[in-house]
Amino acid sequence: MNELSKIIDFLIEVEKLKGIERKTSPIGLARRENSAEHSWHLCVLALLVHSNANDKVDLLKVLKMLIVHDLGEIDAGDTLIYAAGADTQVREEAGMRRICQLLPQPLRDELMAVWLEFVAGESPESQFAQAIDRVPRIVQNLSTDGQTWRSLG
């Protein structure tokens, strides 16, 4: 199988992220947000506020992290951040590893390394990306009088 075929297979697989329903509703809509919409929203936010990061960050690396950080949810499903247990990261990492196996080298290793860096939260980029990951759910809940927070207790 050539590299382009592997990339297409990966692209088809990650399309499934659009079917992973999150707990929050987009502002003004009566449906749940999906994980792909969430990732897009984070990337827009990072583009707008990256110059306000505590440390200078590589925006391209941040965007890569935000684009891939939830791909493991294709297998693991979405877990509310406040309810995530130790097994959540294990399940998401297993899913991420499976999905990355569809890619040719060195793309496979590159995306996995970006995901692992995000999860580790040690670099300025991963710390910024993790902070960005928390903003939309706060904005969404404040804009809907705490709709998701209230519905989940």
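**A helix pair and a loop in a predicted model**

In this predicted model, helix α5 (residues 86-100) and helix α6 (residues 107-120) have axes that come within 9 Å and cross at roughly 165°. Angles over 145 degrees count as roughly antiparallel, and α5 and α6 are therefore roughly antiparallel to each other. The crossing in which α5 passes α6 is right-handed.

We can now turn to the loop between α1 (3-14) and α2 (35-49), where Ile-27 is found. The relative accessibility of Ile-27 is 47%, so this residue counts as partly exposed. Setting aside residues up to four places away in sequence, Ile-27 touches Val-139, Gln-140 and Ser-143. For Ile-27 and Ser-143, the C-alpha atoms are 7.0 Å apart in space, while 116 residues separate the two in sequence.

Glu-33 also has its place in the loop between α1 and α2. Buried means under 20% relative accessible area; Glu-33, with 3%, is therefore buried. Beyond its neighbours within four places in sequence, Glu-33 is in contact with Ile-20, Glu-21, Arg-22, Thr-24, Ser-25, Pro-26, His-38 and Gln-140.

Key: Residues numbered from 1 in each chain as written. Predicted model: local features only at pLDDT ≥ 70, side-chain atom pairs only at ≥ 80, totals over all residues. Heavy atoms only, no water. Helix = DSSP H or I, 4+ residues; strand = E, 2+ residues; numbered from the N terminus. Buried < 20%, exposed > 50% of the residue type's maximum accessible area, 1.4 Å probe, protein only. Contact = heavy atoms within 4.5 Å. Axes fitted to C-alpha atoms, helices over the stretch in contact; angles between N-to-C directions. Parallel < 35°, antiparallel > 145°, perpendicular 65-115°, else oblique. Left-handed = near helix turned anticlockwise from the far one by under 90°.
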